[in-house]
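The structure is shown below.

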Amino acid sequence: MKGIVSLVTGRVGPSGFGSASTAEHVTEGIDASNLTVIITGGASGIGLETARVLALRKAHVIIAVRNMVSAKEARQHILEENQSARVDILKLDLCSVNSVRSFVDNFIALDLPLNILINNAGVMFCPFSLTEDGIEMQFATNHLGHFLLTNLLLDKMKQTAKLTGIEGRIINLSSIAHNFTYKKGIRFDKINDRKGYTNKRAYGQSKLANILHTNELSRILQEEGVNITANSVHPGVIMTPLMRHSSYLMYCLKIFTFYIWKNVPQGAATTCYVALHPSVKGVTGKYFVDCNEFKPSSFASSPQLGKKLWDFSNKLITSISKS
């Protein structure tokens, strides 16, 4: 109830920020000129706003997207406002294991450091379909592609953290929708089955997977004593291109729930806060809503479910790679 009240009123939390805070506001005065950031899906919506604000704070931003035309337009948009912005674009299709591997190879070839990884891209409420790898679309795009991407970039992030002494940060965009998933949380034995599929619960499942991935990754990094944190965030309810499969439904919903919706600058705030703010230093394995720590669902808080998903995801990628 406290979270709903804060959302409606815009009241700030312990961090000093709240649902009405914007990405520029929460990063004001921060110099990120010594940081290199990869953000997936940074060509539109809150991803583009996140990329714009990080570049405004002088970070070197790598936008990783499937649509290179949109990426070029996004880069131009940022440069028109900020001519000194350091923004590069690389192709990445999270639906494809081969594309994820190619992206990582191309990034490593640039010989850049990597301080921050923002797994922002996603799809929402898709009709049932399978990717070229035979994986259900929402699970593949929202979780599995980011899971593989993160694992393949970890060595670079560890190397960067060790050489620079600067804490690395990994941010996974989840959603409050992680509460609305299948009966057992993750349909491990039916992940690619059409039968029983619902686009809303499949989305919730993928967003639950984002938090579970974050928490297990955080545990592993702490166990290794690595100077990298991992946190998940709920950006808020925002009308963006992500909702293209349910735009009419969302429009009708917005009419009756207008008081909880955010604009894009507000929607990017929590991601930017967790990525850059000094008060988040050393904080790991947490779930943030409106720039403040928030308790996720019981499924999302289960270490056992997190470990099971981690092992399941690794086996799934191995089976794809062998086929």
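## A buried ion pair

In this predicted model, lysine 262 and aspartate 290 are both buried, and they form a salt bridge in which the closest N and O atoms are 2.6 Å apart. Lysine 262 belongs to the loop between helix H8 (247-256) and helix H9 (264-267), whereas aspartate 290 belongs to the loop between S7 and strand S8 (292-293), so the pair ties together parts that are 28 residues apart in sequence.

## Other salt bridges

The structure holds nine salt bridges. One of them joins glutamate 24 to arginine 52, with 2.7 Å between the closest N and O atoms; because glutamate 24 lies in helix H2 (residues 23-26) and arginine 52 in helix H3 (residues 45-56), this pair ties together parts 28 residues apart in sequence. Glutamate 24 counts as partly exposed at 35% relative accessibility, while arginine 52 is buried, with a relative accessible area of 9%. A network of salt bridges links Glu24, Glu49, Arg52 and Glu81.

## Helix H7

The 26 residues of helix H7 (residues 199-224) should span 38 Å at 1.5 Å a residue, and the 37 Å between its end C-alpha atoms agrees with this. Within H7, arginine 219 and glutamate 223 lie four residues apart, about one turn of the helix, and their side chains meet in a salt bridge (3.2 Å, N to O). Just after H7, glycine 225 takes a positive phi of about 70 degrees.

## Nonpolar cores

The largest nonpolar core has 49 residues, and those with the most contacts inside it include Phe103, Phe107 and Leu149. Its largest share, ten residues, comes from H6. Apart from it lies another core, of 43 residues, among them Val37 and Tyr273.

Key. Residues are numbered from 1 along each chain as its sequence is written. This is a predicted model: local features need pLDDT of at least 70, side-chain atom pairs count only at pLDDT 80 or more; totals for chains, interfaces and linings use all residues. Side-chain values use heavy atoms; hydrogens and water are left out. Helices (H or I, at least four residues) and strands (E, at least two) are DSSP runs, numbered from the N terminus. The expected span of a helix is 1.5 Å times one less than its number of residues. A nonpolar core is a set of buried Ala, Val, Leu, Ile, Met, Phe, Trp, Tyr and Cys residues joined through side-chain atoms within 4.5 Å. Buried means under 20% relative accessible area, exposed over 50%, partly exposed in between (1.4 Å probe, protein chains only). A salt bridge is a side-chain nitrogen of Lys or Arg within 4 Å of a carboxyl oxygen of Asp or Glu.
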